[in-house]
Amino acid sequence: MAILFPLPTRFQIPPLDTCLNPSTSILQANMSFPRWLRRLGYCLLALLITVVLGLRGGNPEPGVARSPSPLSLIQQAQMRSAQGEPDAAIALLTTAAARFAAEGDVLNQAMALGNLAATHLSLGQGPAATAALDRALDLVTTQPQAPDQQRILAQLWEVQGQQEMERGQPQAALDRWTQAARVYANQNLATLQWQNYLNQSRALQALGLYPRACQTLLRSLALAETTCDLTAASLNTLSTTAATPERVQAMTQLANVLRVLGHLDQAAVLLEIAHGQAQGLGMPETTARVILQQGNVWRAQAVQPTRTMTQRVQARQAAITAYQQAAQAPYPLLSRQAQANLLSFLVATGDQRAAIALWSDLKPGLAQLPPNRTGLEIRLNLVESLLTLLSSSAGRGAGGEGLGVTSADVEALIKTTVQQATTLGDDRLQAYALGSWGRLAALQGQPTGAIRQGRHEAIALTHRALALVPPFQAPEVAYPLFWQLGRLQAEQGEREAAIAAYGQAIQILTSLRGDLVAVNPEVQFSFREQVEPIYREFVGLLVGGANPTQTDLQRARQVIESLQVAELDNFFQDACVETKPQSIDQLDQTAAVIYPIILPDRLTVIVSIPNQPLLHYSSVIARSDLESTLRDLRLALQPGAFPDEYLATAQSLYDLLIRPAAAQLTQHQIKTLVFVLDGYLRNVPMAVLNDGEHFLMEQYNIALTPGLQLLASQPLSQTPIRTLIGGLAEGRQGFAPLPAVQGELAEIAAEVPAEVLLNQTFTRENLQSQMTSQAFPVVHLATHGQFSSQAEDTFILTWDDRISVKQLDQLLRSRAQGKQTPLELLVLSACETARGDDRAALGLAGVAVRSGARSTVATLWQVNDVSTAAFMAQFYQELTKPGITRAQALRNAQIALKQQPDFQSPFFWAPFILVGNWQ
C-alpha cells in the first residue's frame, strides 16, 4: 500500500490553477469548439503527486550512501519540468517507475507511469502516452479494490480523459471523468471533486452541451440557479465569498459558457470578479487567461446588434487592448493564443493592415508551437484568418504576394497541421485542416486562371476530409464541409451533386436544431455567416433554373421554413418548439401562403394556393437595394407623412410580392394571405402594400407565421373570451407614461369578461398568481416592451421588473395546472421593435412561438396610445362577433381606425400584425 502524505505545492508546474482553466480560444469558421489550453502533463504531474499519493521513500541509514529514491527522482522530474526540460522529466519518471517496479511497489509504479503518460501528452506524443497509461491501468486493475487503489485508478481515468480530449473524443473523456467522479464522491475527496467538475465542464462544452456545462459549474460554485441566467444576488455572492483558486477557475469557465450562451453582461461581471480574485491570490497565469476571456466577451459585445454604435466601438477597443495585454504575458502558448485571437478579430473587422503586421510578428515563432491539440488549434485559428485575408485579396496578384500573406505560407501551415493531427490521432482536426486546404486550393486557382483545376483539387481534398468524419458523429465538422463541397460542385456546374451535398448539410443542421450552439460557440453572433447562407444558397440552387420543377419548389419551400425554425432556435439557444409539416390545404381552403425569399441577386417568391401547383416568380434586385427600399418605406410611414412619400414604394413592393399572383388569388377566391417573411421584410407591415388603388389590408385578411410547420393545425376554439389584462399607464424604469392605457383597459373590460392589473398591481408576482389560479384564453398586456434579435434584449415592462421573453415563456406556461384551456390569444400593446436592429422582428416571432399562444397580436412600432386604445376596443368588439376569425377581426379594426379622420395615416393602423393561427 502507498503511504499517503502531502508534498509541497511549490511543485505545481505550471501553477495548478492553469490545469483547470477553460480554453479561451476563438477559432473562426470551422474551428469552433472551445478547448482547455494548458501544459497538461506538468499540471497532472503536480496534481497526482501533491494531492493523491504519498510516496514511500524512507531515510537512508546514517553513514550509508544510497542511490536517489524514486521519490527524489519524481521531485527532480518536477524541477526539470519547471525549468522547461520535459525530456529530462520523462527520463526521470521512467527511471522512477522502474525503481518502484523493482521494489514491488505497484501502486506508486502506476502513479509514476500516469505522470509519465501525462507528460508525453503535453508534448503531443500520443503513442508514448498511450503505452505508459496502458501499463499503469494494467497494474492498478489487477489490485484489490482498496481505497488507495480506487483513488489511483480514478486519477488514471483523469489522465485517460485528457488523452481522449487530445484525440478529439470529448464523449469518451466525459465517460472517464464521470467514472472518476463516483470514486471522489464515495471517498469525500473535495479537492479532486473540484478538478473533476471542471474537467467534465470542458468535455460538455466540447460536445456543445453548454446548458449542462453551466449546471455543472453552478453546482461546483454552490449556486441555486437552475439556468445560466444569473441574478444580481448570485453575482454578488460570488464577489463576496472567500476566494480560492478552484472558485476562480470555475468562475472563469462559467464566464466562457455565459459568453457562448449570449449572456455577455453577466459574463463580463463574472470575469471582473475572477480577475480581482486571481490577482489577490497571486495567480498570474490565471489572471492573464481571465484577461484573454475578457477580450473574447468584449469581442462578442462589439458585434451585438442591440448595442449602440458608441458601445460597439468601445467594446472593440477593449477587446483589442485585452488581447494585446494577454499577448504580453510571459507564457508562450497563452501569448500565441491571444495573438491568434487578435489576428482573427482584426480580420473580422476589416483592419487588414494591422492584421498583416501582426501576422509578420507571429510567423517566425510558429515552429515553437507544440504538436498537441492546443498548438494545432492555434494553427487552425491562424489558417482561418489567413484564408480570409487571401480571399479578400484574390485576383490582386498570385497567392496574395505583396500583401504580407502568401498562399505558400498558408499551405505550409496547413500541411504541418495535417501531419501533426495525424500523429495525434485526431480525425476531426485533420478533417478541419483538409477542409481548409480545399478552400486554399480553390483560391489558388483564381489568380492564375486555372479555376477548374483548383476546384477539382479542392473537391478532392474536401472528400478526403469528409471521409474522416461520420456526418452525425462529428456534425460540427461535417456540415461546413458538405456546404463547401456543394458550393464547389455548383461552381463546376455539377447541379445534382451540389444539391445532394447541400441537402446533406441541411439534414445535419436540422438534426442539431436547438444544439446549433454546438456547431459553433459563437453561433449566436455568426449565424448569418455560418448557418443562414447554407439555406439561402440551397434555395437559390433549387429555384435558380429557368423552369424549376414542382419538386424543386416544394423542397425550396421546405428549406426556407427550416431556416425560420433554425433562426428561432438560434434566438433562444435551444429547440423552443416542436415542428410538424403542415399543408395549407389542410389548414384553410381560403388562405394562400406567400414565401418571399431574399437571395443575393434577386427576390424569389413561392405562393401556395390550396389544391394548386406552387407558383413561382422572381425579380432581379440586389439584396442591398431591396433592403434599402424596405428601409425607405419603413421610414416613410410616419405620422403626418403625405401619401406620395410612401405610396410609390408600397406599390413597388406590391409589384414584387403580390401582382404576379393576383389573378390566381382572385380566381381561387382567396380571403387570407399568410406571409412567411424573410429578413428585413419582417420589419415592414404587409398591410401597407398598395396595388395603385387599395391597400392590401383592404382586400385581404393578413397574417404572419414563421412557417406552417410551427402552427397548431386545429382552428381556434370558440370559447368565451375571458381575458387577463395588465397595463402600465404611469412611467416606470425610465420609460414614458402611457396615459391612454387606463382607458384602453377599461374599454376592453367593457367588451369582454376581464381581470385587470393596472400600474402598482401589474407586477410579475401578481401575473404569476393570476396565471396559476385561473385559465385565461386571452392575455392582453398594454405596456412598454421591445422586440430584438437577441432574446436577452426582448422584454415587456411591469411595475417592478422587466420580463424577458424566456421568463414570459415560463410565466405563461405556469397557467392553471390541470386546466387544458389553450392560450388562444396573446396581445402585446405598445411594444415595438428595437431601433437600429435590422432583425428585431425575430424577437416578435420568438415571443409568438415561445408563449404557447395560438395567435399573437403586436405592433412593429410604438403607436400613439390614443389610437391604440381605439384600435383595441374595436378589435375586441369584432372578436365577440360569431364566426369571425382573428385575421378578420384585426382587418376590421384596422379599417375602422383608418376611417377616423385623425388616424388615416398608415402610421396608426399598419403596424398591428397577427402572428400565428389566423382562424
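Predicted model: local features only at pLDDT ≥ 70, side-chain atom pairs only at ≥ 80, totals over all residues.
How many helices and strands does the secondary structure of this chain come to? It comes to 37 helices and 13 strands, where helices (H or I, at least four residues) and strands (E, at least two) are DSSP runs numbered from the N terminus. Residues are numbered from 1 along each chain as its sequence is written, and side-chain values use heavy atoms, with hydrogens and water left out.

Let me start with the chain as a whole. Of its 919 residues, 61% are buried, and buried here means under 20% relative accessible area, with exposed being over 50% and partly exposed in between (1.4 Å probe, protein chains only). If we take contacts between residues at least 6 apart in sequence, 72% of them join residues at least 24 apart, a contact being heavy atoms within 4.5 Å.

Now to the helices. Two packed helices are described by the angle between their axes and the distance between the axes; the axes are lines fitted to C-alpha atoms, for helices over the stretch in contact, and angles run from 0 to 180 degrees between N-to-C directions. Helix α8 (residues 190-206) and helix α11 (residues 245-260) have axes that come within 11 Å and cross at roughly 15°, so these two are roughly parallel to each other, given that angles under 35 degrees count as roughly parallel, over 145 as roughly antiparallel, 65 to 115 as roughly perpendicular and the rest as oblique. Their contact involves residues including Trp194 and Leu198 of α8 and Ala250 and Val257 of α11, and by class it divides into 4 nonpolar, 6 polar and 3 charged residues. For these classes, Ala, Val, Leu, Ile, Met, Phe, Trp, Tyr, Cys and Pro count as nonpolar, Asp, Glu, Lys and Arg as charged, and the others, Gly among them, as polar.

A second pair is helix α22 (residues 495-512) and α25, which pack at an angle of about 145° with their axes 10 Å apart. Among the residues that meet there are Ile499 and Tyr502 in α22 and Phe538 and Leu541 in α25, and this contact has 11 nonpolar, 1 polar and 2 charged residues.

Staying with α25 (residues 532-543), we find Val539 in this helix. Is Val539 buried or exposed? Val539 is buried, with a relative accessible area of 0%. Leaving aside neighbours within four places in sequence, Val539 is in contact with Ala556, Val559, Ile560 and Ile597, and its C-alpha lies 8.2 Å from that of Arg555, a residue 16 places apart from Val539 in sequence.

Finally, the strands, which pair if DSSP finds at least two bridges between them. In strand β8 (residues 778-787), 9 of the 10 residues are buried, so this strand is largely enclosed by the rest of the structure. Strand β6 (residues 723-727) pairs with β8 in the parallel sense over 5 bridges, and there Ile725 has His780 as its bridge partner in β8. β8 also pairs in the parallel sense with strand β11 (residues 825-833), over 8 bridges, with Phe787 standing opposite Thr833 in β11. Strand β9 (residues 795-797), by contrast, runs antiparallel to β8 and is joined to it by 2 bridges, with Gln786 opposite Phe795. Phe795 is also a contact of Ser804, a residue of strand β10 (residues 802-804) that counts as buried at 14% relative accessibility.
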